[in-house]
Amino acid sequence: MLAQGDPAGAASQAMEAVAAAEYLEAPLMAAYGRMLAGQALATMGDRAEAIEQLEGAHSAYAEVGAAHYQDQAARLLRRLGQAVPRRRGSTGEGVLAMLSNREIEVLELVASGRTNRDIAAELYLSVRTVDRHVSRIYQKLGVSSRAAAASVFERARA
């Protein structure tokens with residue numbers, strides 16, 4: 001519904017899904033519903049409620065160790081101006097330890113197949129800034145392509 005331009009309907013359905021998932025004791029599904037509700041509420045302009053739902057999702061994902069989804073919720077919270085501490089334990093060791101938090105964030109998006117223009121839009125940066133981050137990531141990791149950087153990233157996270 002959100003993609004169809006009905007954020008109120010999407011928020012309502014997402015909250016119904018959260019209630020059903022909580023009743024069934026399905027924490028991952030409840031967290032996913034909260035994340036969708038947060039996105040819909042943010043689209044509607046209800047920032048406070050969006051933050052509440054996204055923080056709930058972020059916490060639930062942390063409890064069950066769903067790092068990828070926890071990071072997604074954190075990115076959505078940051079877009080709303082919320083300070084969310086970065087997880088360093090899973091990506092801060094080994095070869096990725098030499099990267100800054102922002103470089104890790106950019107590298108994660110590179111590894112997911114996004115273009116520099118897409119990354120710039122998602123992180124509210126200029127394309128030139130993203131270009132510089134990608135260049136520094138290549139230097140620090142000793143690679144020369146997006147595919148090689150993504151491969152190093154995926155191996156380091158495993």
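Tyr-32 counts as partly exposed because its relative accessibility is 37%, where partly exposed denotes values between buried (under 20% relative accessible area) and exposed (over 50%), with a 1.4 Å probe and protein chains only. The model is predicted, so local features need pLDDT of at least 70 and side-chain atom pairs count only at pLDDT 80 or more, while totals for chains, interfaces and linings use all residues. Residues are numbered from 1 along each chain as its sequence is written, and side-chain values use heavy atoms, with hydrogens and water left out.

The protein contains eight helices and zero strands, helices being DSSP runs of H or I with at least four residues and strands runs of E with at least two, numbered from the N terminus. The order along the sequence is α-α-α-α-α-α-α-α. The C-alpha trace spans about 50 × 30 × 25 Å along its principal axes. Of the 158 residues, 39% are buried. Among contacts (heavy atoms within 4.5 Å) with a separation of 6 or more, 50% join residues 24 or more positions apart. The protein exposes about 8,600 Å², of which carbon and sulfur atoms supply 52%; accessible areas come from the Shrake-Rupley method with a 1.4 Å probe, and for residues only the protein chains shown count as cover.

Tyr-32 lies in helix 2. Together with Met-29, Leu-36 and Tyr-69, Tyr-32 forms a nonpolar patch on the surface, with about 380 Å² of accessible area in total. Patches consist of residues with over 30% relative accessible area and no salt bridge, like charges being joined within 9 Å and nonpolar side chains (Val, Leu, Ile, Met, Phe, Trp, Tyr) within 5 Å; a salt bridge places a side-chain nitrogen of Lys or Arg within 4 Å of a carboxyl oxygen of Asp or Glu. Helix 2 (residues 27-44) gives the most to this patch, with three residues.

In helix 7, the buried residues are Val-130, His-133, Val-134, Ile-137, Tyr-138 and Leu-141. Seen down the axis of helix 7, these residues fall within an arc of 140 degrees and so line one face of the helix, the arc being that of the directions from the helix axis to the C-beta atoms. An α-helix has 3.6 residues a turn, so residues three or four places apart point the same way. The buried residues of helix 7 pack against helix 5 (101-111), helix 6 (116-123) and helix 8 (146-157). The face turned away from the buried side of helix 7 carries the exposed residues Arg-128 and Gln-139. Just after helix 7, Gly-142 takes a positive phi of about 70 degrees.
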